[in-house]
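Visitor: Hello! I would like to learn how to read a protein structure. Could you show me one and take my questions as they come?

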Amino acid sequence: NDAQQKYLGRHLGAALLAELEGFVTNNLVPDWEGIPLQMVSVYIRVLLPYVENPLAAFAFFQAAPSLDIKITDSGFAVVSTANLAPASAERVKNFRASMEQTGFDRLESMIRFLEANKEHYPTWVNSEGYSWSTSGFITHADMFDQFVPIAQSRLRFQQLRPTMDNVELLQIEPVISTALAEKIRAESRSGVFTAPVKAILPLLRRAVAYLTVGKDIDPKHTGTGEMYL
């Protein structure tokens, strides 16, 4: 439950998360306007693996430090037998890092699936999760990776997200105007681009990527970002 709220809630939105939980625990099929209940059930079943896969990894990431600790009447203890011994701190650290990266990679797959099939998930489209996921000029780790390599890492992408937002608001909007920036975001959310936006967006995305990396990773990229802007 902790991993579900911490890692999935922001991306799915509270409403869809509650609907998925109701479906799994009580077989409750939500009423989505314009979609027959039978198809809603199908769409939820198709979505569930995309949600459960990152959740499983994040749950292990959260729990790993205490999985080998037992609480006894006389204090804390660890299990040690002839065949099993507690893992070293280094192995636990590596396992947690692997689970964290796996969770974020699977989270990227979930978001990409939802965006590709958004007409089937109106609760998500109307949620804060959709607004947050599609609010920037660059919406995916692999899209960012096309401009500046980050190993297509969703974890790295989310770490960079606050700086990306600041770059858009403080450096991009004053140049192109807030009105145009909002028009670009609206078209990005709809997936339908007018010719002028389609022409300018690749340059703006490169500007955002290089300026973001210039602030967070290596200042040498700042000049490239300013040239694209």
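Visitor: How many nonpolar, polar and charged residues does the lining of the largest pocket have, by class?

Guide: Good place to begin, and please keep in mind that this is a predicted model. Rolling a probe the size of a water molecule over the atoms shows where empty space is left. Here, the lining of the largest pocket has seven nonpolar, two polar and two charged residues. The volume of this pocket is about 190 Å³.

Visitor: Which residues line the largest pocket?

Guide: You can find Q4, L8, L17, L20, E21, V24, T25, L48, V51, E52 and L55 there. At least two residues of this lining come from each of helix 1 (2–12), helix 2 (14–26) and helix 3 (37–63). Helix 2 gives the largest share, five residues.

Visitor: What volume does the second largest pocket have, and which residues line it?

Guide: Its volume is about 150 Å³. Around it you will see E115, K118, Y130, T134, T139, H140, M143, S188, R189, G191, F193 and R205. By class, three of these lining residues are nonpolar, five are polar and four are charged.

Visitor: Now to the rings. How many aromatic pairs does the structure hold?

Guide: A pair of aromatic rings is described by the distance of the centres and the angle of the planes. This structure holds 12 aromatic pairs.

Visitor: Why is the pair of W124 and Y130 called edge-to-face?

Guide: Look at the angle: the planes of W124 and Y130 stand at 80°, so the pair counts as edge-to-face, with the ring centres 4.8 Å apart. Planes over 60 degrees apart get that label. Both W124 and Y130 are buried, and Y130 is also one of the residues lining the second largest pocket.

Visitor: What are the distance and angle for F144 and F157?

Guide: F144 and F157 are 6.3 Å apart, centre to centre, with 75° between the planes, and this pair is edge-to-face. Because F144 belongs to helix 7 (residues 141–145) and F157 to helix 8 (residues 154–176), the pair ties together parts that are 13 residues apart in sequence. F144 and F157 are both buried.

How values were computed:
Residues numbered from 1 in each chain as written. Predicted model: local features only at pLDDT ≥ 70, side-chain atom pairs only at ≥ 80, totals over all residues. Heavy atoms only, no water. Phe/Tyr/Trp six-rings, centres within 6.5 Å; stacked < 30°, edge-to-face > 60°. Buried < 20%, exposed > 50% of the residue type's maximum accessible area, 1.4 Å probe, protein only. Helix = DSSP H or I, 4+ residues; strand = E, 2+ residues; numbered from the N terminus. 1 Å grid on protein atoms, 1.4 Å probe; cavity = no way out; pocket = protein on both sides within 12 Å on 5 of 7 lines; lining within 4 Å. Points joined across faces, edges and corners; volume = space filled by probe spheres on them. Nonpolar A, V, L, I, M, F, W, Y, C, P; charged D, E, K, R; others polar.
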